[in-house]
Amino acid sequence: MTMTKFYNQTRRNLLIGSASSVAIAGLASFQKTIFAQAASEVIKPLPPYVAWKDPKSLIIHSSTTIETKRSAFGTSVITPSDQLYIRNNLPAPNASIVANRDAWEISIQGVKEPRVFTLAELKNLGLETTAAVLQCSGNGRGYFPSKPSGTPWTVGAAGCVIWSGVPLRLVAQTLGGVLPSMKFITGTGGEKLPEGIDPKSIIVERSVPLAAMQDALLAWEMNGSPIPLAHGGPLRLVFPGYTGVNNIKYIKELTFSAQESDAKIMSHGYRLTPPGGKTDPSQPSVQEMNIKSWINSPFTDNGPVRPGKVQIQGVAFGGLHAVKGVEVSINGGKTWQQARFVGPDLGKYAWRQFVLESLLGTGSYTLASRATDISGKTQPETRGENQSGYNNNSWADHSFKITVA
């Protein structure tokens, strides 16, 4: 299959196409990245499995890494599904897995009464809905001057979505509770793995602390619709407040375990390795998100700003802690003004939209924002340097200049 045919297949062809065709195309472009997609460029075609998304709102880095344009974020709290970013560590499974969603099976282990549930059975155990930020661990990597390997995301590998599903704590209670001495929740994805290699070297399997069970969901719905294949449908493990890689797509097995997974993506992947260092399991794992904000409008994509009253607006979130407040600077951090929140508060895991009304005369301005959460943590000026460009929440990196004319 040529790349041209891959990108121009219709969505209908994907549904009846072979899994191998999608996998080959996805793997071929797995490491390819494009830093920016200027407004003047021809809009690139979307891969078939995300053909339903809005290409005008997206930056296509590769078939498995697609970013929301900063200028595309609106002023509503929830990110529309057709604008939400894509980050898959492996090509998406064949679309046949969402043809009969209720038949999907998940094995629950590490409880007193382990068993396999179908999705239809999970739906009868309980229901909860949570608004939460979904963010790739590398969001903001594009601002690292060291240019780490990986997709050079700016701000668009994030969104705020509504998940619906059964609380994981209810599933555990139904099965007699978690076995004593279990310290972690380990989720294993259901992607089809290439043959002839050690599964542990490529499988998507991550562990988080047992405390994360309190608000975790086995989710089958996103933004009011069944979770799309591209975002982990028919069933996704969701840990609100944790980075995207820990929210396992196509969840096939969930184990309450005494030890972290020994899969490479856990033992050596997504670790906060010092620049120039060698990754190892002793280094901190990328798990909880940290306090962060950025401004979305006015942005340079839309050209010069007219003098006069300007609404400076953006988003802020705090990972496991609710955002308390946001300050905005129009002079690169020399002075700050308190912004106000707009829109509904959808809970501590959702982001808050903020706005500062400012009267701007002709000239050049550097817009920046910094958020503070209810625990007292404030977004720092500088990034935490690490080899892979993870967890960048520097307000200085996320600032930008505008021209008022």
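The model is predicted, so local features need pLDDT of at least 70 and side-chain atom pairs count only at pLDDT 80 or more, while totals for chains, interfaces and linings use all residues. Residues are numbered from 1 along each chain as its sequence is written, and side-chain values use heavy atoms, with hydrogens and water left out.

- Q313 sits in strand β15, residues 308-317; strands here are DSSP runs of E with at least two residues, helices are runs of H or I with at least four, and both are numbered from the N terminus.
- Q313 counts as buried because its relative accessibility is 8%, and the cut-offs are under 20% relative accessible area for buried, over 50% for exposed and partly exposed in between (1.4 Å probe, protein chains only).
- As for β15 overall, 8 of its 10 residues are buried.
- Leaving aside residues up to four places away in sequence, Q313 touches F73, G74, T75, I295, N296, S297, Q353, F354 and V355, where a contact means heavy atoms within 4.5 Å.
- β15 runs antiparallel to β14 (residues 292-297), with 5 bridges joining them; strands pair if DSSP finds at least two bridges between them.
- One of the bridge pairs there is S293 with A316 of β15.
- β15 also runs antiparallel to β19 (residues 352-360), this time with 9 bridges, and K309 has L359 of β19 as its bridge partner.

**A buried loop residue**

- T273 is in the loop between α6 (264-267) and β14.
- T273 is buried because its relative accessible area is 1%.
- Not counting residues up to four places away in sequence, T273 touches K278, T279, Q283, N386 and Q387.

**Cysteines**

- The disulfide count is 0, going by pairs of cysteine sulfur atoms within 2.5 Å.
- C136 is buried at 7% relative accessibility, and C160 is buried at 0%.

**Nonpolar cores**

- The largest nonpolar core has 51 residues, and L122, L168, L218 and F256 touch the most other members; such a core is a set of buried Ala, Val, Leu, Ile, Met, Phe, Trp, Tyr and Cys residues joined through side-chain atoms within 4.5 Å.
- Elements giving two or more residues to this core are β1 (58-62), β4 (105-109), α4 (119-122), α5 (168-174), β10 (217-222) and β13 (251-257).
- Another core lies apart from this one and has 21 residues, among them A316, I330, L360 and I402.
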